[in-house]
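Come along as I look things up one by one.

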Amino acid sequence: MKNEYDAIIIGAGPAGLMAAGTCAAQGKSVLMIEKNAKTGRKLRITGKGRCNVTNDCSPQEVIASVPKNGKFLFSALNQFDSSETMHFFENLGVKLKVERGRRVFPVSDSANEVADALEKFAQQNGVEIHRDTVQSLRVENGAIVGVKTQSGVVKAKSVLIACGGASYPGTGSNGDGAKLAKAVGHTIEPLKPSLIPLVEKGDTCAKLQGLSLKNSGVKVIDQEKKKVIYEDFGELLFTHFGLSGPTILSASAHMRQMASGRYAVEIDLKPALDDKKLDERILRDFEETKNKQFMNSLEKLLPQKLIPVIVEKSGIDPEKRCHSVTREERLALGHLLKHFTVQVQSFRPLNEAIVTSGGVSVKEISPKTMESKLIAGLFFAGEVMDVDAYTGGFNLQIAFATGHLAGSYL
Ligand SMILES: Cc1cc2nc3c(=O)[nH]c(=O)nc-3n(C[C@H](O)[C@H](O)[C@H](O)COP(=O)(O)OP(=O)(O)OC[C@H]3O[C@@H](n4cnc5c(N)ncnc54)[C@H](O)[C@@H]3O)c2cc1C
């Protein structure tokens, strides 16, 4: 390791590795400092180990998938859009495939292949990767001059903070980036979880713990504004604390004003049947079980675990014979199945979030270069900034695009 470099990159995640390789490819001396022994620890667990690398869509569509500060990404995404990301990885020998929702994955279904290729890209361009933890930035006369690590001071003409957010801290992204930026005067928008399971206000989900529904309709209702703010269809999971699973994680990113009682999740347990067809179906089932008690009549309609909860919520006497269930009761049962409602108390804690919302205020970062407007030579890329996106490969696309842009100007 030398005493001085053209550029220091803090954090060997997707944003940092992309920036480091891009910068070194221009002939600059680049030191990458990563606290973990291995690069890209979070990247290696993305997409359940398969890595949803990007989304095969236009910059405008990526921006539309970023609930806050999307326009800040305009330059970065126009210079390095999803097709650039795909070319980039295919040039590195990573074959890609496009799946449902235009989500792009490696053909190998291996996030490690993606991370290894990125590391190789950085190293082949001459980036030195050093294992250490950056503790503070060195700034003189409003310009960056280096960093202080656990093992000493290293000088550099420019420094990139690519330390990620504060979720899944076991991967190394523990909020250091925001702290480093704050210590030199940057504003930090409060760090909050996004793409996160939901805690229920009540105990219905606990009773259904472990039940996974593959095909259900999900609506998020903002109860203050009295409107549906998100709709989806797919898989969800009941847990001891509330709701999880892909549709719920996606839904959580739309709940930007989380407060107990503000949001409710309405689950359509029978999305394939409209109200009329569902009523006909219930009628048929009741006909077959007409002399049975109501509580013993739902086996064909619902998973076993749901039955006692539905019986209780329906308000129908569980011991009532099916033939004497009234039309009103039957219609109310149908309504319950189409609008099974879970009141949301809160998000699960930040450390469990797929992404961190909040971070270094983008008002203090140039969107054209990713350079700090406060400190010359200081740059940012990836999740450390106050940008976060919905699921679908958008968060990695943001890391690659901002990393590439910063790497061109470092
Ligand atoms: C379980 C999970 C699955 C995900 N799946 C997907 C997916 O399929 N598709 C998608 O688009 N997004 C996915 N994401 C989100 C995506 O992984 C992140 O948005 C992305 O990794 C952010 O990249 P980054 O380079 O900004 O930061 P990170 O990947 O968080 O990397 C930051 C690096 O900085 C290092 N570091 C931090 N502080 C210091 C310090 N002081 N000194 C030295 N090094 C430091 C860390 O060790 C880490 O290696 C997933 C996230 C999780 C948690």
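**Entry 1: strand 9 and its partners**

I began with strand 9, which pairs in parallel with strand 18 (residues 378–380) over three bridges. In that pair, I found leucine 160 opposite phenylalanine 379 of strand 18. Before going on, I noted that this is a predicted model, in which local features need pLDDT of at least 70 and side-chain atom pairs count only at pLDDT 80 or more, while totals for chains, interfaces and linings use all residues. Residues are numbered from 1 along each chain as its sequence is written, and side-chain values use heavy atoms, with hydrogens and water left out.

I also wrote down my terms. Strands (E, at least two residues) and helices (H or I, at least four) are DSSP runs, numbered from the N terminus. Two strands pair if DSSP finds at least two bridges between them.

Next I looked up strand 1 (residues 4–10), which runs parallel to strand 9 (residues 152–161) and is joined to it by six bridges. Here tyrosine 5 faces alanine 156 of strand 9. Strand 8 (residues 143–149) is antiparallel to strand 9, with four bridges between them. Glycine 146 of that pairing sits opposite lysine 155 in strand 9. How many residues does the hairpin use to join strand 8 to strand 9? I found two residues in that hairpin.

**Entry 2: the barrel**

I then followed a group of six strands that closes into a barrel, in the order 11-14-13-12-15-16 and with antiparallel pairing. Neighbouring strands of this sheet are turned against each other by 45 degrees on average, direction ignored. For angles, axes are lines fitted to C-alpha atoms (for helices over the stretch in contact), and values run from 0 to 180 degrees between N-to-C directions.

Strand 12 (residues 212–222) and strand 13 (residues 227–238) run antiparallel and share nine bridges. I marked two facing pairs there: isoleucine 221 with valine 228 of strand 13, and lysine 219 with glutamate 231 of strand 13. The hairpin of strand 12 and strand 13 has four residues between the strands, and lysine 226 in it takes a positive phi near 55 degrees.

Strand 12 also pairs with strand 15, antiparallel, over six bridges. Isoleucine 221 turned up again, this time opposite alanine 264 in strand 15.

Which helix lies across strand 15 (263–268) and strand 16 (340–347)? I found helix 12 (residues 327–338) there, running at about 115 degrees to strand 15.

My next stop was an open sheet of three strands, ordered 3-5-4 and paired antiparallel. Strand 3 (54–55) and strand 4 (96–99) are its edge strands, each pairing on one side only. Strand 4 is joined to strand 5 (residues 103–106) by four bridges, and the two run antiparallel. Leucine 96 stands across from proline 106 in strand 5.

**Entry 3: around the ligand**

Last, I looked up the ligand. I counted a residue as near if one of its heavy atoms lies within 4 Å. The ligand is surrounded by 34 residues, and the closest are Glu34, Ser173, Asp176, Glu383 and Leu396. Those in the shell divide into 14 nonpolar, 14 polar and six charged. In this grouping, Ala, Val, Leu, Ile, Met, Phe, Trp, Tyr, Cys and Pro count as nonpolar, Asp, Glu, Lys and Arg as charged, and the others, Gly among them, as polar.

Which elements each supply at least two residues of the shell? They are helix 1 (14–24), strand 2 (30–34), helix 2 (46–49) and helix 13 (394–409). Helix 13 gives the largest share, four residues.

A ligand nitrogen atom is 3.2 Å from a polar backbone atom of lysine 35. A ligand oxygen atom is 3.3 Å from an N or O atom in the side chain of asparagine 36. A ligand oxygen atom is 3.5 Å from a polar backbone atom of glycine 393. On its own the ligand has 1000 Å² of accessible area (Shrake-Rupley method, 1.4 Å probe), and the protein covers 95% of that area.

How values were computed:
A polar contact is a pair of N or O atoms within 3.5 Å; within protein, one must be able to donate a hydrogen and the other to accept it, and residues adjacent in sequence count only if both atoms are side-chain atoms. Contact means heavy atoms within 4.5 Å.
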